[in-house]
Amino acid sequence: MKRFMTRKNISIVLVILTLGLLFSFAAKNDKLFKIAKNLDIFASLVRELDSYYVDEIDADELVPVGINAMLNELDPYTEFIPEENSDDFRLLTTGEYAGIGALIGNRVGSNMILMPYKGFPAQVGGLRIGDKILKVDTVMATNLPTSEISKLLKGPANTSVFVQVKRGDDTISVDLMRKKIVISNVPYYGKLDENTGYIKLSDFTTNAGSDVRKALVDLKSQGITRLVLDVRDNPGGILNEAVDIVNLFIPKGKEVVRTIGKLQSANVTYKTTKAPLDKDIPLVVLINERSASAAEIVAGALQDYDRAVLVGRKTFGKGLVQTTVPLSYNAQVKVTTAKYYIPSGRCIQAIDYSREKRDENGNSNSIPDSLRREFKTKNGRIVLDGAGIEPDEAVGSKSYAPITYSLVGRDLIFEYGNKFFLENKEIGNPRSFVVSDVVYNDFVKWLEGKEYDYTTYVEKSLDDLEKYAKREKYFDEIKGTIEDLRKKVSHNKEQDLITFQGEIREALREELVSRYYFQEGVIEASLVDDSEIKAAMGILSNPAKMSGILTASAK
């Protein structure tokens, strides 16, 4: 009987497995049929449009629109990269290109140099911030889009390019030799005081780990005993570089991040592979709402191991992994293939892009607090998933007055920087330079007659009050009160230039420093009055406080 039952069970199992395989095969065939059917419909649609549409159509323009519309149904990080955009994509992922080494853009209606990178052809050849681009080789550039000028300036390494610019009343012509441009992931590092090092990590392109290592080795040779690593405004990049950076501070063999996706090949655990450079140095990592992806892996992993105190604001919350897949005709698709999970087990993805989780307007939603789960760091501290990385020590964002936004947004501070640079050969070093009363008064005088009107927050509130009062039929009753309030709060630009001169001077200071010390100088100058830096220094100078933050609460 036992033998008979065993055979029967085996037969049942075989039948179930066979049916399962048949259903799986049928489902797979059904899925493949749907894909083939819809591809055929799309191809036939384009053919018929080409035949019947009243005007000529350009398939190279029309089809990418359809592709991008389809990808928009998924998530913002899955994107189509046509062949003509491959160079820009390579720059984003590697930080390398061949050109003159300058950021260009449009200001006050002109294409100009916005930042020449130190040590590269544009800066060495004498081009400066604010130089208006007139000609590239034989092509007049004054009316070209910025993207076209950028293409003209790029080219094979060790080829020459002629550039003509306007600086003030002078026309300057230079012959530059294009070079392979490798933009450092660490645009600045230095000492905040005798004992504290500072490293600004702006990207995670190729060599990010090496760039941070070199900076840390140099700082340690200068005698630092504690460190601030700044990943604010860092959009992320290559995953392996994040692992290498974490490895500088934690022992070999420790998990940094896991990726989990649909395909088995997407399921990978990344661990540290080397001995750390310094596993004991007191460490603070600065984060904010624009720290994303690989920057969040670094911050989150160091938080999970209680290796660093995080200071600033909650990060962006991008826990999705992209893989680049080649397509026909040298096109590519960057497709989301997995989610990543940091050592505590949490995923930091903050937005659910699945179709069934969208609202009635089709918008993706943030993950609700009720669905966020608790995890624990190595020391037992509670951390949550589903909303980015939260700081251990929160520091609010700095707010600015409307007049400051107006002066910056209308490029008036930028324009004054051009004027100042033409009139002044040098200034003090980035940390010691201040906008004196003489300089500020000159700026105020220069503003006379220039348009920079704005609406204050109180005036905007009164506009809203009037709108809703009219909608709810209360306006006639409170009209006189609103008019009286308007007279009292009506802003005076001259007075605002006095009231908010502190923040205006700071914006001016960084703009003027950029003219003489470029990107590195702007970063160094910004450290002087940085609230997150001050909070970091307060923690690093108080070992008991730091230890308390990294220890689990008794609650």
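**Helix 6 and helix 7.** I looked up how helix 6 (residues 208-221) and helix 7 (residues 239-247) pass each other, and found that their axes come within 7 Å and cross at roughly 25 degrees. Axes here are lines fitted to C-alpha atoms, for helices over the stretch in contact, with angles running from 0 to 180 degrees between N-to-C directions; helices are DSSP runs (H or I, at least four residues) numbered from the N terminus. Helix 6 and helix 7 are therefore roughly parallel to each other (under 35 degrees counts as roughly parallel, over 145 as roughly antiparallel, 65 to 115 as roughly perpendicular, the rest as oblique). I noted that Ala 208, Gly 209 and Val 212 of helix 6 meet Glu 241, Asp 244 and Ile 245 of helix 7, contact meaning heavy atoms within 4.5 Å. The residues of this contact divide into three nonpolar, one polar and two charged (Ala, Val, Leu, Ile, Met, Phe, Trp, Tyr, Cys and Pro count as nonpolar, Asp, Glu, Lys and Arg as charged, the others, Gly among them, as polar).

**Basis.** I kept in mind that this is a predicted model, in which local features need pLDDT of at least 70 and side-chain atom pairs count only at pLDDT 80 or more, while totals for chains, interfaces and linings use all residues. Residues are numbered from 1 along each chain as its sequence is written, and side-chain values use heavy atoms, with hydrogens and water left out.

**Helix 15.** I then checked helix 15 (residues 501-526), which spans only 17 Å between its end C-alpha atoms, whereas a straight helix of 26 residues would span 38 Å at 1.5 Å a residue. Helix 15 bends by about 140 degrees at Tyr 517, the bend being the angle between axes fitted to the seven residues ending there and the seven starting there.

**Partners of helix 15.** I found the axes of helix 11 (residues 437-447) and helix 15 coming within 11 Å and crossing at roughly 95 degrees, and the two are therefore roughly perpendicular to each other. Their contact includes Tyr 440 and Phe 443 of helix 11 and Leu 508 and Leu 512 of helix 15. For helix 10 (residues 412-423) and helix 15, the axes come within 9 Å and cross at roughly 45 degrees, which makes helix 10 oblique to helix 15. By class, the contact of helix 10 with helix 15 has nine nonpolar, two polar and two charged residues.

Technical notes: Expected span 1.5 Å × (residues − 1).
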